[in-house]
Amino acid sequence: MIRAGAAVAVVLAVVAGDVRAGAATRVADLVWDELADCESGGDWHADTGNGFYGGLQIRPTTWAEAGGLRLADRPDHGSRREQTTVGEEILRQQGWEAWPTCARELGMIGPGPGAGPTSGPGSGSEPELEPSSEPEPEPEP
């Protein structure tokens with residue numbers, strides 16, 4: 001059985017590839033859900049008083065800069081779909097570094113310079129999954 005974070009890393013590698021600021025990419029819903037689980041416990045209407053809002057924990061200024069005001073006045077007032085739409089634009093502008101802690105934890109970006117092991121994929125006892133173009137060989141009887 002694989003952890004959800006490992007599954008997200010595989011989905012990212014296969015679907016989104018190496019997303020950097022400026023890249024136009026459509027991210028799978030599973031990835032946004034895992035990011036929201038990490039950022040806000042999956043609460044798409046989170047308002048915890050920390051200055052970040054919604055499932056993806058977006059600052060109001062970032063929301064506005066990414067065109068979110070055409071959808072809702074604040075991230076937590078927007079639907080999940082509206083938040084992920086704005087998230088796509090934030091991702092295009094800033095890359096996964098817009099969500100540094102959770103993106104690292106989920107394997108979307110590597111550890112920072114001088115960082116030790118993380119709690120994300122590859123740090124536990126489960127093997128890190130790598131996408132492969134070749135099928136797994138069948139075990140011999």
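This is a predicted model: local features need pLDDT of at least 70, side-chain atom pairs count only at pLDDT 80 or more; totals for chains, interfaces and linings use all residues.
1. Residues are numbered from 1 along each chain as its sequence is written, and side-chain values use heavy atoms, with hydrogens and water left out.

2. Now the overall layout. The protein has five helices and zero strands, so its elements read α-α-α-α-α from the N terminus on, where helices (H or I, at least four residues) and strands (E, at least two) are DSSP runs numbered from the N terminus. Of the 141 residues, 35% count as buried; buried means under 20% relative accessible area, exposed over 50%, and partly exposed in between (1.4 Å probe, protein chains only). Among contacts (heavy atoms within 4.5 Å) between residues at least 6 apart in sequence, 51% join residues at least 24 apart.

3. Let me turn to the core. The largest nonpolar core has 21 residues, and Trp 32, Leu 35, Leu 56, Trp 96, Trp 99 and Met 108 touch the most other members. Such a core is a set of buried Ala, Val, Leu, Ile, Met, Phe, Trp, Tyr and Cys residues joined through side-chain atoms within 4.5 Å. At least two residues of this core come from each of α2 (29-40), α4 (80-94) and α5 (100-105), and α2 gives the most, with four.

4. Helix α2 deserves a look of its own. Its 12 residues reach 16 Å from the first C-alpha to the last, close to the 16 Å expected at 1.5 Å a residue; the expected span is 1.5 Å times one less than the number of residues. The buried residues of α2 are Val 31, Trp 32, Glu 34, Leu 35, Ala 36 and Ser 40. Leaving aside neighbours within four places in sequence, Leu 35 is in contact with Leu 56, Trp 96, Trp 99, Cys 102, Ala 103, Leu 106 and Met 108. After α2 comes Gly 41, with a positive phi near 70°.

5. What do the buried residues of α4 pack against? They pack against α2 and α3 (60-65), and they are Gln 83, Thr 84, Val 86, Gly 87, Glu 88, Ile 90 and Leu 91. The end C-alpha atoms of α4 are 20 Å apart, which agrees with the 21 Å that its 15 residues should span at 1.5 Å a residue. Gly 95 follows α4 and has a positive phi, near 75°.

6. Two buried glycines sit in loops. Gly 55 is found in the loop between α2 and α3 and counts as buried because its relative accessible area is 0%. Its C-alpha is 4.8 Å from that of Ala 36, 19 residues away along the chain. Beyond neighbours within four places in sequence, Gly 55 is in contact with Ala 36, Glu 39, Ser 40, Asp 43, Trp 44 and Gln 83. Gly 68 lies in the loop between α3 and α4 and is likewise buried, at 0% relative accessibility. The C-alpha atoms of Gly 68 and Thr 85, 17 residues apart along the chain, are separated by 8.5 Å.

7. Finally, the second largest pocket holds about 200 Å³ of space. Its lining has 13 residues, of which Phe 52, Gln 57, Ala 98, Trp 99 and Pro 100 lie nearest the centre. Both α4 and α5 give two or more residues to this lining, and α5 supplies the largest share, three residues. On a 1 Å grid over the protein atoms alone, a pocket is an open set of points where a 1.4 Å probe fits, with protein on both sides within 12 Å along at least five of seven lines; lining residues have an atom within 4 Å of a point. Grid points are joined across faces, edges and corners, and the volume is the space filled by probe spheres set on them.

8. Two of the lining residues are worth checking. Gln 57, in the loop between α2 and α3, has a positive phi of about 50° although it is not a glycine, and counts as buried at 10% relative accessibility. Ala 98, in the loop between α4 and α5, is partly exposed because its relative accessible area is 25%.
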